[in-house]
Amino acid sequence: MKLMRVGEAGSEKPALLDADGKIRDLSGHVADIGGEAITPTGLAKIAAIDPKSLPEFAPGRIGACVAGTGKFICIGLNFSDHAAETGATVPPEPIIFMKATSAIIGPNDNVVIPRGSEKTDWEVELGVVIGKTAKYVTEAEALDYVAGYCVSNDVSERAFQTERSGQWTKGKSCDTFGPIGPWLVTKDEIPEPQNLGMWLTVNGQKMQNGSSKTMVYGVAFLVSYLSQFMSLHPGDVISTGTPPGVGMGLKPPRYLKNGDVVELGIEGLGTQKQTFVADR
């Protein structure tokens with residue numbers, strides 16, 4: 001299934017995308033796409049509904065694909081080819097940092113370049129949405145705890161991230177720096193998350209063109225690994241790292257400015273399109 005949330009920010013309604021590409025209203029069956037609705041039991045109930053029995057939504061704004069995210073966990077330098085372009089060494093264990101949940105926006109919403117920013121950058125990433133509480137799970141069972149996958153743009157301010165001391169979080173958590181969606185694609189539609197094409201363009205120019213197959217630490221490993229340190233709950237999102245082609249890795253580096261348009265997508269998970277606007 002492809003689950004989504006539509007409507008104005010703060011007033012989104014749960015929906016699904018049917019086989020004909022029509023958006024169907026799920027609000028008569030679930031309160032939102034999150035919490036109990038994305039547990040195995042909740043997803044089974046939604047799957048049993050005939051999409052044609054649901055009202056259609058008129059085209060409009062698409063919100064973030066999951067509600068009630070308690071943790072937005074990101075993995076750094078998790079693509080071998082991306083680590084190489086930045087001159088970094090692949091870490092012996094995953095680099096973990098947090099992106100504030102207040103950064104989450106819809107997939108096509110404007111991204112605001114924060115005041116004082118000189119180095120706002122792009123990162124197409126595979127997002128993993130947790131579907132049931134995971135604690136101390138093994139790698140073999142880890143995917144049982146995944147509800148599905150989504151496109152994530154881990155927007156980053158590199159000067160905030162790397163030049164102002166401290167941890168990466170402040171360069172990752174600016175308002176609007178977390179577009180996710182358009183859909184939460186349930187894991188039955190993505191049997192092999194480690195072989196998905198990933199791409200991103202800036203003003204129509206292809207900047208990133210990679211694949212999740214070059215991830216150093218795969219989805220199952222990451223879910224298991226993170227669960228050794230913290231419980232993962234339904235609606236938590238793991239953004240798993242980016243392939244090469246980020247602005248920081250170019251020679252000379254290139255960063256986003258007011259009016260730039262970024263488009264990105266992942267095979268089977270849909271596309272995003274954001275206009276970057278300066279915070280006045």
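Start by selecting Cys150: in this predicted model, Cys150 is buried, and its relative accessible area is 0%. Now look for its closest cysteine sulfur, which belongs to Cys65 and sits 4.0 Å away.

Next, click on Cys74. Is Cys74 buried or exposed? Cys74 counts as buried, because its relative accessibility is 0%, and buried means under 20%. How many disulfides does the whole structure hold? The count is zero. Cys74 is no exception: its nearest cysteine sulfur is the one in Cys150, 11 Å away.

Together with Val223, Leu269 has the most contacts inside the largest nonpolar core, which has 52 residues. Which element gives this core its largest share? Select residues 219-227, and you have helix H5, which supplies five residues. In soluble globular proteins, nonpolar side chains tend to be buried together. There's another core to find, apart from that one: it has 23 residues, and Leu3, Leu16, Leu26 and Ala64 are among them.

Time for helix H1. Select residues 40-47, then colour Gly42, Leu43 and Ile46, which are buried. Why do these three sit on the same side of H1? Their arc around the axis is only 95 degrees, so they end up on the same side. What do the buried residues of H1 pack against? Show four strands: E1 (2-6), E2 (13-17), E10 (146-153) and E13 (184-186).

Last stop: step back from H1 into the loop that joins strand E3 (23-25) to this helix, and pick Ile38. Ile38 is buried, with a relative accessible area of 0%. Leave out residues up to four places away in sequence, and Ile38 still touches Ile33, Leu43, Val66, Val129, Ile130, Gly131, Ala147, Leu184, Pro234 and Gly235. You've already coloured Leu43, one of the buried residues of H1. To finish, draw a distance from the C-alpha of Ile38 to the C-alpha of Thr69: these two are 31 residues apart in sequence and 12 Å apart in space.

How values were computed
Residues are numbered from 1 along each chain as its sequence is written. This is a predicted model: local features need pLDDT of at least 70, side-chain atom pairs count only at pLDDT 80 or more; totals for chains, interfaces and linings use all residues. Side-chain values use heavy atoms; hydrogens and water are left out. A nonpolar core is a set of buried Ala, Val, Leu, Ile, Met, Phe, Trp, Tyr and Cys residues joined through side-chain atoms within 4.5 Å. Buried means under 20% relative accessible area, exposed over 50%, partly exposed in between (1.4 Å probe, protein chains only). Helices (H or I, at least four residues) and strands (E, at least two) are DSSP runs, numbered from the N terminus. Contact means heavy atoms within 4.5 Å. The arc is that of the directions from the helix axis to the C-beta atoms. A disulfide is a pair of cysteine sulfur atoms within 2.5 Å.
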